[in-house]
Structure formats: structure tokens, C-alpha cells
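Open the model in your viewer and keep the sequence beside it. The stops below say what to select and what to look for there.

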Amino acid sequence: MRIVSGMRPTGKLHLGHYFGVIKNWLKLQEENECFFFIADWHALTNRYKDTKDLKENIRQMIIDWLACGIDPNKATLFIQSGVKQHAELALLFSMITPKSWLELNPSYKDLKFNLMYQYLKDFLLGKKIKVNQAPPPESYDEALEKATGKQKSKIFEEYLREAFHRAFYSQKGIDFEYLREVLLKFGIQRKIVEEAISNLEEGDVGKDLDTLGFLAYPVLQAADILIYKAQKVPVGEDQLPHIELTREIARRFNNLYKEVFPEPEAILTEEAKLPGIDGRKMSKSYNNAIYLSDSEDEVNQKVLQMKTDPQRVKKTDPGNPDVCIVYDYHKIFTKDEELLKEIDTKCRNAEIGCVDCKKILAENINKFLQPIREKRKEIEANLQEYEKIFIDGTLKCRKLAEETMKEARDAMNLYDIEE
Ligand code: TRP
Ligand code: SF4
């Protein structure tokens with residue numbers, strides 16, 4: 001089966017990437033004809049302003065993939081921007097894709113939501129806004145009354161996110177009226193509220209993403225997939241609308257001109273059950289990730305910082321592994337079933353302390369990472385040789401992609417000048 005998937009080069013890979021994506025690719029490459037690529041053009045769609053890290057991020061991705069065992073003898077590995085035909089096909093697709101298909105795309109909205117929300121948070125933080133004594137409306141009243149210091153700002157953040165979510169996904173587009181009301185109820189000065197809202201409404205944030213490239217993100221993705229006539233595309237749930245759109249574009253092309261593209265199907269990658277060290281989704285921007293490239297010390301440090309069962313304050317309190325992320329990690333990294341059971345029992349009976357429990361975990365994570373670290377070092381020392389793998393893959397893909405382009409040009413009756 002032919003499989004295509006890409007990853008945006010956003011920096012070093014962490015355990016979330018490994019258990020969310022890479023592990024799945026390792027399995028797929030065994031039995032399928034896989035094409036895995038670094039989606040550097042896609043990375044530009046929302047980060048076009050500052051591109052200084054782009055090359056380095058691509059290199060890190062090359063190192064991480066190969067160190068994890070993504071195997072060039074089993075899969076074709078390449079760099080998107082090296083196969084210009086993706087851009088040509090995306091251009092042709094852009095002619096037949098109604099704008100509304102893109103504007104209504106949920107991933108487009110979600111990405112926009114996240115960027116705008118992040119902006120609002122940073123803006124308020126920049127103004128040193130801490131939660132005011134005035135109780136916020138509705139459900140958070142009580143929680144806030146009891147909370148102190150740090151907890152308060154956390155509750156504020158949760159509340160803000162919920163409010164922004166409601167404003168963002170309202171029936172009438174973004175409901176700035178509602179957002180204004182909520183911020184004022186929080187006791188934030190009117191002047192600051194107005195500034196935040198007008199920046200959101202017409203300032204940089206909105207505009208930053210009001211680019212053609214960002215809107216057309218899924219059209220490029222459709223080209224990535226269809227140019228290789230892939231049958232299956234392994235992706236996370238957030239990407240499903242993009243695959244649906246890819247199918248619609250293929251259908252429309254085939255109906256308008258000639259049957260060229262098969263309709264690919266998504267292989268849904270299940271959500272990795274590995275949160276960041278603070279319990280939120282593992283992400284570079286939350287500063288809660290354990291990287292494949294972390295040293296032993298860094299891993300030890302991070303594991304020690306991990307949140308545990310919040311009800312367990314003293315060592316003599318019994319704990320509950322079911323609500324402890326350290327235990328979620330144990331389930332993945334502590335391979336010894338008996339030890340796993342023992343930790344569970346000892347935790348519940350307050351016979352093991354969290355620090356000891358974490359030490360065992362850190363050791364096992366390090367055991368897992370050790371071969372990857374060694375491979376990383378070897379690759380880094382001979383980087384050119386390993387980069388060559390991606391160059392060869394890219395050249396191979398150019399040929400394949402050009403074959404499909406010939407068919408597409410022909411179907412559209414374009415004037416094709418052959419070399
Ligand atoms: N949009 C995908 C992501 O952010 C990356 C991607 C680009 C992709 N092109 C693709 C994934 C083609 C699968 C197939 O994760
Ligand atoms: Fe979590 Fe381990 Fe502490 Fe139990 S002993 S609460 S599993 S860290």
C-alpha cells in the first residue's frame with residue numbers, strides 16, 4: 001500500500017512526537033511503500049516572518065527521524081520544498097477549490113483560534129494583568145474564592161480560554177462584544193480591554209494569518225498526497241478535515257477533467273497517552289516536553305519536576321497512580337510488569353515515595369533514550385552523509401511527481417514543454 005505523510009519542522013522531536021507519530025511510522029514502513037517528508041513549506045504558512053531556524057530545524061528532523069529508526073531502505077525520505085511539483089499541483093488545485101471549502105475548514109479555524117488566544121494571553125501578561133479581586137462570572141466564582149496566588153492565575157487562564165473559545169466559535173463570527181464583557185467583569189481596565197480587542201480585531205494577529213498561504217494550507221497538503229497517488233495517509237485527528245478536503249479536491253479534478261487521482265483514506269493515529277511533565281499536552285510552547293535529544297541529567301531533572309497525584313502531599317499519604325502522570329509514563333517505559341504492579345500497590349499503601357518512584361522512571365526513560373542518543377551523535381558527526389539520504393529521496397520523488405504532473409497537465413489540456 002502506498003502511504004504518504006509529512007511533518008512540519010518545528011524543532012527537535014520530543015517523546016510526544018515519538019509515541020504519537022514516529023512509532024506508528026516505524027510500524028508502517030515495514031509493510032508498505034512509505035513516503036515520509038519534511039513539510040518545510042507548510043512550516044512557512046504560519047511562521048513566515050522569522051525563518052532563521054528553518055534550516056536548522058530541518059537538520060534536527062533529519063537527525064531525529066534516522067536516530068529513531070526511520071529507515072531509508074524501507075521508506076522514501078525527502079524534503080517537500082525540493083520537489084517543486086508539489087507547488088505546481090497546488091497551484092492547479094487552487095484553481096478548482098472554492099474558497100468556502102477552505103474558510104470553513106475546522107483546522108484552519110482551530111489554528112487561528114490558538115494563535116489569537118496565545119496573543120491575547122501574551123498581551124495581558126505584558127500588561128502585568130493578574131486576576132482582579134472582583135469575582136469572575138459563572139462557574140469559576142467559587143474556585144477562585146478559595147484559590148491563592150499561583151492557583152488564581154491558573155484559574156484565570158482557564159476561564160479566559162473558555163471565554164475566548166465561546167467568543168471565537170460563536171454563531172456570528174468572533175463575538176468581540178462577549179469577550180469585552182468578560183474581560184471587564186474580570187476587573188481589567190477598560191483601556192486595556194479596548195486595546196486588546198482592537199488588536200485582535202484589526203491588528204497584527206488577525207492579519208498575520210490572513211495570508212493566502214495560510215488559507216491554502218490544505219490545498220498544498222492535498223497536492224503532497226495526491227501527487228504520489230497515495231492510498232493511505234497516517235495523521236492525527238486534527239488533520240482529518242484536511243484529508244476529507246483532499247478527497248474532495250481529487251473528486252472535483254477527476255470530474256472536471258479526467259480520472260487522474262485516487263481518493264486517499266486517513267489512517268487515524270491514536271492520541272498518544274503521554275502528557276507533558278505538567279500534565280498538559282506535550283508541546284514546545286508549554287515548556288513541558290522531554291526531548292529525544294535530552295541528556296540523562298535533563299531527563300532526571302524533568303522527571304523530578306513532574307506533577308504527581310495532587311492529593312498526595314506527604315509521603316505517608318496513600319497515592320493514586322490512576323491520576324498520576326508519573327504512572328502514565330511508567331506504563332510506557334517500565335517494561336517489567338511485576339515492578340509496574342509493585343509500584344501501583346506501594347503507591348496506594350504509601351510504601352514508596354514519589355521521589356523514589358520518579359527515580360525508577362527516569363532510569364527507564366534514559367534506558368529507552370540511550371540508543372537514540374548514541375545514534376544521534378553518530379549522525380551529527382557525519383551529517384552530510386545522512387543528509388544525502390534525504391537528497392536522494394528528494395530526487396527520486398521529483399521523477400515520480402513529474403510523472404503525475406504530466407498526467408495532470410494533460411488532463412487539463414495545458415501546454416506541456418518536455419525537456
Ligand atoms: N499538516 C500536517 C501536520 O501539521 C503536515 C503535513 C503536510 C502532512 N502535508 C502532509 C501530513 C501530507 C500528511 C500528508 O501535521
Ligand atoms: Fe505517582 Fe509514583 Fe508518587 Fe504514586 S508514588 S503518586 S505513582 S509519583
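**Stop 1: ligand 1**

Select ligand 1 and the residues around it: 13 residues surround it, and the closest are Arg 8, Tyr 217, Gln 221, Asp 224 and Gln 239. Keep in mind that this is a predicted model.

Now show side chains and look at three of these residues in turn. Arg 8 places a polar side-chain atom 3.0 Å from an oxygen atom of ligand 1. Tyr 217 has a polar side-chain atom 2.7 Å from a nitrogen atom of ligand 1. For Asp 224, a polar side-chain atom again lies 2.7 Å from a nitrogen atom of the ligand. Ligand 1 taken alone exposes 370 Å², and the protein buries 91% of that.

Next, colour by secondary structure. Which elements give two or more residues to the shell around ligand 1? They are β1 (2-7), α13 (217-226) and β4 (232-235). Of the elements, α13 gives the most, with 4 residues. Colouring by class instead shows 6 nonpolar, 5 polar and 2 charged residues in the shell around ligand 1.

**Stop 2: helix α10**

Select residues 190-202, which form helix α10. At 1.5 Å a residue, its 13 residues should span 18 Å, and the end C-alpha atoms are 18 Å apart, so the two values agree.

Which residues of α10 are buried? Pick out Ile 192, Val 193, Ala 196, Ile 197 and Leu 200. Turn the view to look down the axis of α10: the buried residues fall within an arc of 125°, so they line one face of the helix.

**Stop 3: helix α19**

Select residues 383-411, helix α19. This helix has 29 residues and reaches 42 Å from its first C-alpha to its last, close to the 42 Å expected at 1.5 Å a residue. The buried residues of α19 include Leu 383, Tyr 386, Phe 390, Gly 393, Cys 397, Met 405 and Arg 409. Moving past the helix, stop at Asn 413, which follows α19 and has a positive phi, near 65°.

**Stop 4: Asp 297**

Finally, select Asp 297, found in helix α15 (residues 296-305). Is Asp 297 buried or exposed? Its relative accessible area is 58%, over the 50% cut-off, so Asp 297 is exposed.

Key
Residues numbered from 1 in each chain as written. Chains lettered and ligands numbered in written order. Predicted model: local features only at pLDDT ≥ 70, side-chain atom pairs only at ≥ 80, totals over all residues. Heavy atoms only, no water. Near = heavy atom within 4 Å. Polar contact = N/O pair within 3.5 Å; in protein donor to acceptor, adjacent residues only side chain to side chain. Areas by Shrake-Rupley, 256 points an atom, 1.4 Å probe, with all protein chains shown as cover. Nonpolar A, V, L, I, M, F, W, Y, C, P; charged D, E, K, R; others polar. Expected span 1.5 Å × (residues − 1). Buried < 20%, exposed > 50% of the residue type's maximum accessible area, 1.4 Å probe, protein only. Arc of directions from axis to C-beta.
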